[in-house]
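Today I am opening a new model and keeping notes as I look things up. Come along and check each entry against the coordinates.

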Amino acid sequence: MNSTVLFSPSSALFLFLTKASPLVKGRAAAVRCSTGPAMSASYEEGEMEGLPMVGRRRALVSAVCGTSVLGFAGYGLAATQGLLAGRIPGLSEPDENGWRTYRRPDEKSGGHGVGWSPIIPYSFKVPDGWDEVPVSIADLGGTEIDLRFANPKEGRLFVIVAPVRRFADDLDDATIEKIGNPEKVISAFGPEVIGENVEGKVLSSATAEHSGRTYYQFELEPPHVFITATAAGNRLYLFSVTANGLQWKRHYKDLKQIAESFRVV
């Protein structure tokens with residue numbers, strides 16, 4: 001029997017995951033979150049349908065401990081990468097229209113393994129009332145989800161920053177055009193955002209250029225989501241803005257403006 005223990009010092013959360021031998025067809029798993037009562041669950045290999053992008057053990061931990069399974073935030077006992085205190089680092093004061101600009105701080109930690117260069121900063125705008133949300137270690141995107149923001153009444157967003165070498169070997173100075181055209185990019189990377197195939201879900205696509213950098217912009221339904229994609233250095237950036245049906249109807253204009261404000265600086 002194998003056991004995996006996950007620990008986050010900042011949240012004092014232990015996750016204990018135990019699975020039977022891989023020779024056993026029906027694997028059982030037990031999860032205990034030390035900040036709450038012990039809990040366990042079991043499943044058969046064939047029962048975890050509809051989670052093509054999520055490891056079954058990760059999905060089990062997420063479901064039991066209240067963390068996120070898909071790319072959207074959970075607010076349970078999630079272990080986090082850091083604590084948020086006071087005013088959010090990188091977030092400006094509101095402008096005359098009540099919008100704030102977030103710029104990724106140069107000193108912010110993050111990255112994907114030893115040897116990767118620092119992340120080129122990015123920025124975007126949100127209406128006043130949007131707050132940074134701690135990133136869970138059990139997220140679908142793992143360490144590739146760099147940031148989350150949310151407003152419980154309006155919607156939520158997250159930024160995926162992925163190494164380009166996952167997709168090509170010779171793109172140390174990548175552009176989104178070198179990775180592919182809009183159709184190829186959304187077909188390849190849209191599932192990383194929504195957790196399922198995007199075929200038949202792309203309502204619109206557009207290309208924008210700002211300061212010499214190209215951005216692909218998409219609207220998908222269902223689920224309701226805007227995706228902005230670009231590349232810089234050796235990283236691919238995916239910026240996702242999403243909401244439930246009622247929020248989408250009420251705040252569509254603002255959500256689209258958030259999505260279109262994304263820049264790598």
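**Entry 1: the aromatic cluster**

I found that Tyr102, Tyr122, Phe124, Phe149, Tyr237, Phe239 and Phe262 form one aromatic cluster. I counted rings of Phe, Tyr and Trp (its six-membered ring) as paired if their centres lie within 6.5 Å, with planes under 30 degrees apart called stacked, over 60 edge-to-face and the rest tilted. This is a predicted model, so I read local features only at pLDDT of at least 70 and side-chain atom pairs only at pLDDT 80 or more, while totals for chains, interfaces and linings use all residues. Residues are numbered from 1 along each chain as its sequence is written, and side-chain values use heavy atoms, with hydrogens and water left out.

The structure holds 13 aromatic pairs. I looked at Tyr102 and Phe149: their ring centres are 5.4 Å apart and the planes sit at 65°, so this pair is edge-to-face. It connects distant parts of the chain, as Tyr102 belongs to strand E5 (residues 99-103) and Phe149 to strand E8 (residues 145-151), 47 residues apart. Helices (H or I, at least four residues) and strands (E, at least two) are DSSP runs, numbered from the N terminus.

My cut-offs are under 20% relative accessible area for buried, over 50% for exposed and partly exposed in between (1.4 Å probe, protein chains only).

Next I checked Tyr122 and Phe262, a tilted pair with 5.6 Å centre to centre and 35° between the planes. Tyr122 lies in strand E6 (residues 122-127) and Phe262 in the loop between helix H4 (245-260) and strand E14 (263-264), 140 residues apart. Tyr122 is buried at 0%, and Phe262 is buried at 1%.

**Entry 2: the core**

I then listed the largest nonpolar core, which has 26 residues; Tyr122, Phe124, Phe149, Leu157, Ile258 and Phe262 touch the most other members. Such a core is a set of buried Ala, Val, Leu, Ile, Met, Phe, Trp, Tyr and Cys residues joined through side-chain atoms within 4.5 Å. Among the elements that give two or more residues are E5, E6, E8 and H4, and H4 gives the most, with four residues. A second, separate core of 24 residues includes Ala174, Val185, Val198 and Leu236.

**Entry 3: the sheet**

Which strands make up the open sheet, and in what order? The order is E5-E6-E14, with antiparallel pairing. Two strands pair if DSSP finds at least two bridges between them. E5 and E6 share five bridges, and Tyr102 has Phe124 as its bridge partner in E6. Two bridges join E6 to E14, where Ser123 has Arg263 as its bridge partner. E5 and E14 are at the edges with a single partner strand each, so one side of each has no neighbour in the sheet. Five of the six residues of E6 are buried, so this strand is largely enclosed by the rest of the structure.

**Entry 4: confidence**

The protein chain averages a pLDDT (the predictor's confidence in each residue, from 0 to 100) of 74, and 59% of the residues score at least 70. Over residues 3-87 the pLDDT is below 50, yet this stretch has 168 contacts (heavy atoms within 4.5 Å) beyond near neighbours in sequence in the model.
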